[in-house]
Amino acid sequence: QGANPIVQGAVMGIHYINVTMSVWLEMLLLAVGFWWFPLVFAVLMIALPLYMSWMAIMLGIGFATAYYTPFLPYMIFTFGAIGWLISVVEAMAAAPLMALGIAHPEGHDALGKSEKGLMILLNVFLRPAMMVIGFIAAIALCYVGIWLLNSGFGNILDGLKSHNIWNDDAFVIPWGSLFGYFFAILVYTMIYLTIVEKAFSLI
């Protein structure tokens, strides 16, 4: 509650990476330790491909949240600033044409009207201030969006658990719950990244 969503996303990603790599090492040591027991080794060899595909997805999510998300606001702001510099160069190149267009306010056969050029010029002057305002608003929107995600997602998971939707008494091993919680983590992280990207698109 009240934590920085970007920092918490990075912490979540580091946790995914640490747990994934720790479990991978444990599985590797387990396979090496039981290589002389053919039955246990065969079961491990059958289970490892499915388990490793899960771990690869979790590792990818961890990389995205731990390393990509903290740089996302910086990248968007930097590319916005580069876009503004490009528009400044375009405005400098178009300045003589703008001046000729302003010299004929009612319009000219060859030059046309200068209203569109004035809007581009206004964009050049307003964009830096609007980028800073958008950055501040994006930070606030990110806090609110992640709070909304946490509130709603927690209620959905509680509802699924309380109504036993993922549990089936016909089976001893609750495969539905195991897969469900894994995909809940996957869906949560994808929504988390989407909210951060949408929020900082205000820049």
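T189 is in contact with M12, Y16, I61 and T65, leaving aside its neighbours within four places in sequence. T189 sits in helix α5, which spans residues 175-200, and the residue is buried, with a relative accessible area of 0%. The model is predicted, with a mean pLDDT of 83 for the protein.

**Overall architecture**

- The protein has five helices and zero strands.
- Read from the N terminus, the order of elements is α-α-α-α-α.
- Among the helices are α1 (5-33), α2 (38-68) and α4 (115-162), and α3 covers 72-103.
- Of the 203 residues of the protein, 27% count as buried.
- The accessible surface comes to about 13400 Å², and carbon and sulfur atoms account for 77% of that surface.
- When contacts between residues at least 6 apart in sequence are taken, 79% of them join residues at least 24 apart.

**Confidence**

- A pLDDT of 70 or more is reached by 86% of the residues of the protein.
- Confidence is highest in α1, at a mean of 87, and lowest in α2, at 84.

**Nonpolar cores**

- The largest nonpolar core has 23 residues, and C142, Y192, V196 and F200 are those with the most contacts inside it.
- Two or more residues of this core come from each of α1, α2, α4 and α5.
- A second, separate core holds five residues, including V23, M27, A31 and L48.

**Y192 and its surroundings**

- Y192 has a relative accessibility of 4% and therefore counts as buried, the limit being under 20%.
- Not counting residues up to four places away in sequence, Y192 touches P5, I6, Q8, G9, M12, I146 and L149.
- M12, one of the residues touched by Y192, is also in contact with T189.

**Aromatic pairs**

- A search of the whole structure finds seven aromatic pairs.
- In the pair Y188 and Y192, the ring centres are 5.9 Å apart and the planes stand at 50 degrees, so the pair is tilted.
- Both Y188 and Y192 belong to helix α5, where they are four residues apart, about one turn of the helix.
- Y188 counts as buried because its relative accessibility, 15%, falls under 20%.
- One aromatic cluster is formed by W54, F182 and F183.

**T69, in the loop between α2 and α3**

- T69 lies in the loop that joins α2 and α3.
- With a relative accessibility of 2%, T69 counts as buried.
- The contacts of T69, leaving aside neighbours within four places in sequence, are I6, A64, L193 and V196.
- Of these, V196 is also among the residues with the most contacts inside the largest core.
- I6 is in contact with T69 and is touched by Y192 as well.

**Q8, in helix α1**

- Q8 is found in helix α1 and counts as partly exposed, at 39% relative accessibility.
- Apart from neighbours within four places in sequence, Q8 is in contact with A3 and Y192.
- The Q8 contact with Y192 pairs a partly exposed residue with a buried one.
- Q8 and P70 are 62 residues apart in sequence, with a C-alpha to C-alpha distance of 9.7 Å.

**N123, in helix α4**

- N123 has its place in helix α4.
- At 33% relative accessibility, N123 counts as partly exposed, because the value lies between the limits of 20% and 50%.
- N123 and V88 are 35 residues apart along the chain, and 9.5 Å separates their C-alpha atoms.

Note on methods. Residues numbered from 1 in each chain as written. Predicted model: local features only at pLDDT ≥ 70, side-chain atom pairs only at ≥ 80, totals over all residues. Heavy atoms only, no water. Buried < 20%, exposed > 50% of the residue type's maximum accessible area, 1.4 Å probe, protein only. Contact = heavy atoms within 4.5 Å. Core = buried A, V, L, I, M, F, W, Y, C linked by side-chain atoms within 4.5 Å. Phe/Tyr/Trp six-rings, centres within 6.5 Å; stacked < 30°, edge-to-face > 60°. pLDDT = per-residue confidence, 0-100. Areas by Shrake-Rupley, 256 points an atom, 1.4 Å probe, with all protein chains shown as cover.
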